[in-house]
Amino acid sequence: MAPSQKNVLEVRNIQTFIGQFHILDGVSVEVPDGSITVLLGRNGAGKTTTLKSILGLTPPRSGAIVFNGKEIQGEPAFRTAAKGIGYVPEHRAIFRDLSVAENLRIAERKSGDLARREEFIFGLFPDLKRLIKLPGGNLSGGQQQMLAVARALVPDNQLLLIDEPSEGLAPVVIEQMMEAISRLSAHTTILLVEQNFIMASRLADRYTIIETGRSVKSGMMADLIDDEASIQRYLGAAA
Amino acid sequence: MNETLSTTTHSSARRRLAQWWPYLLILGLLVLFPLLAGATIGDPAAAQDGAGLSSLMQRAESGAAKFWQGMIIQILIFAIFAMSYDLLLGYTGILSFGHAMFFGTGGYAMAILIGRNFNWSFGMALLAVILIALAQSLIFGVLSLRVKGVYLAMVTLAFAEMFYILAEAGDFRKYTGADDGLHGFPVPGWLSATDHRTRFYYLTLIFFVAAFLIIKRLVDSPTGKVMVATRENEHRATMIGFNTFWYKLTAFVAAGVFAALAGALSAMYLVSVTPSMLSLGRTIDVLAMTIIGGMGTLVGPILGASIIQLLGYWLERWFGASWTLVYGILFMLIVIFLPYGIVGTLRARSFQIRDGWKQLQQTLAGK
């Protein structure tokens, strides 16, 4: 695969082990600048591990991860994050003991980041503004998920990795979250993991399907929606 | 728009006063204590000349007034030690079983340097204590923070035991006094806690207030917030771009230096250091103070240090040799009914009276 300037991120044939377990056995993903790319696949296929491998939390043993034309595989997560990759992990990964304001302020990479982004963030998630002093642990599930996304927006991130933003949320909150993510995509490139095919198909431009640790199919989301056979084969009843 | 986020950091003078008055009240009482004690429980016969303040000061150097100042000096020294441990365990989530290493090394460094072998001045020795603690905590911090949880506890315990064995070893008897420790080393006359109890009291109070303010400033700073974030979930802190190792090391070094200062003060006050200062037992003491008072509250460990010191004194008077048994039972009850320590439980307003009873009954019924 020739290096391409228009891809913010290219994952090339990575192999990742967790302890003895061979979790990723050849995953390749391309994320074009300005797109929303979604990773699809059944439970346990390796979607989350792919995100963690990109960030460096579970470094791949071989293969390459190219961010902005530079190979970043093997670097520790704190350094990858500082290069401009924001990560919103699954399960509402906020700091429960810190207030909403502290959760946001802690994500500043340069002083003034928060002041610059405040209006944008509270525009996306108006709820957070009135909860600013509450400890993160006191927020509802949906509010925690919003805070987790908001936190990734504080610094200048060129790429956001978002893992299962709809998981365990009420339908009305899912709508709000989808709206926020689609508005976000005007500012930043997004790589999304999403089990909810309806949500994924409405949001994403591109997809990559991962099956038992391997990327088996990728392309434009619009084409997949009409491809009943592939949906049945790779995603089963999910559609 | 900006004010929603900035009001949480910059509060007005009035709000600051509202926040600080309990601290100021306690500080005021501590400052006045020698005079009050002199007036009430000091020996009137001790006031030889004059009236007013100078006679009060003389009475403060006598009888029960002198004894209780000594008690508070020891409480304050342990409070500094316990606050340093809270920075480590309560705020950053590092469970060290070797914190006494810094306390003991600080004490020994002070005793050896002002002792006959070196004859350093108090100021120089104090500076040396700080530098030694810095070096020691940097080295052992880098070595032990590579691992986490129980493994870190074991590694720090091993390091502390190493120093314990060194202090006990006969090979360095000339310097350390081996298993006897060092006693009666020449503390400068102007600082002797025997002759100038009130002066030593104020010296300790200054160290205590400085330690409290510095540690509080640290935990309230952005760095402190990253420490809390690291305690809660180190992965998450890494994900947003923090090299958590440096934050843990910062906590480790700051905690080490304050523990060493507490050890040095203890050596000066008791005019004695023994290997037990470096023992696991001493770490357990400070762990108990932190847990009883409330981890991650900073005020809790101060309260914990006071309670344990005072309880130790009274229980021993009432129960004689078996006081540790009563102490153990009290400790269990506190952990069962006040799971976040005294201050922590008060702040969380979560008294687990019913759950505590249930647990106690189950324990007693052997379930």
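Started with the salt bridge between the side chains of D97(A) and R231(B), where N to O comes out at 2.4 Å. This is a predicted model, so I treat that distance as a computed value. I get 2 salt bridges between chain A and chain B. Polar contacts across the same interface come to 5 residue pairs, both partners at pLDDT 80 or more.

Next I asked which elements of chain A give two or more residues to the side touching chain B: they are α2 (77–82), α3 (100–105) and α4 (113–124). α4(A) has the largest share, with 5 residues. By class, I count 17 nonpolar, 1 polar and 11 charged residues on that side of chain A.

Then the overall extent. The contact draws 29 residues from chain A and 23 residues from chain B. About 2,400 Å² is buried between the two chains, with 67% of it from carbon and sulfur atoms. F78(A), F95(A) and I106(A) supply 25% of what chain A buries against chain B, more than any other three residues.

Last, cavities. I find 2 of 30 Å³ or more. The largest has a volume of about 50 Å³, and its lining includes R109(A), R151(A), M239(B) and I240(B). β6 (85–88) and α6 (141–153) of chain A each give that lining at least two residues.

Key
Residues numbered from 1 in each chain as written. Chains lettered and ligands numbered in written order. Predicted model: local features only at pLDDT ≥ 70, side-chain atom pairs only at ≥ 80, totals over all residues. Heavy atoms only, no water. Contact = heavy atoms within 4.5 Å. Buried area = accessible area lost by both parts, 1.4 Å probe. Salt bridge = Lys/Arg side-chain N within 4 Å of Asp/Glu carboxyl O. Polar contact = N/O pair within 3.5 Å; in protein donor to acceptor, adjacent residues only side chain to side chain. Helix = DSSP H or I, 4+ residues; strand = E, 2+ residues; numbered from the N terminus. Nonpolar A, V, L, I, M, F, W, Y, C, P; charged D, E, K, R; others polar. 1 Å grid on protein atoms, 1.4 Å probe; cavity = no way out; pocket = protein on both sides within 12 Å on 5 of 7 lines; lining within 4 Å. Points joined across faces, edges and corners; volume = space filled by probe spheres on them.
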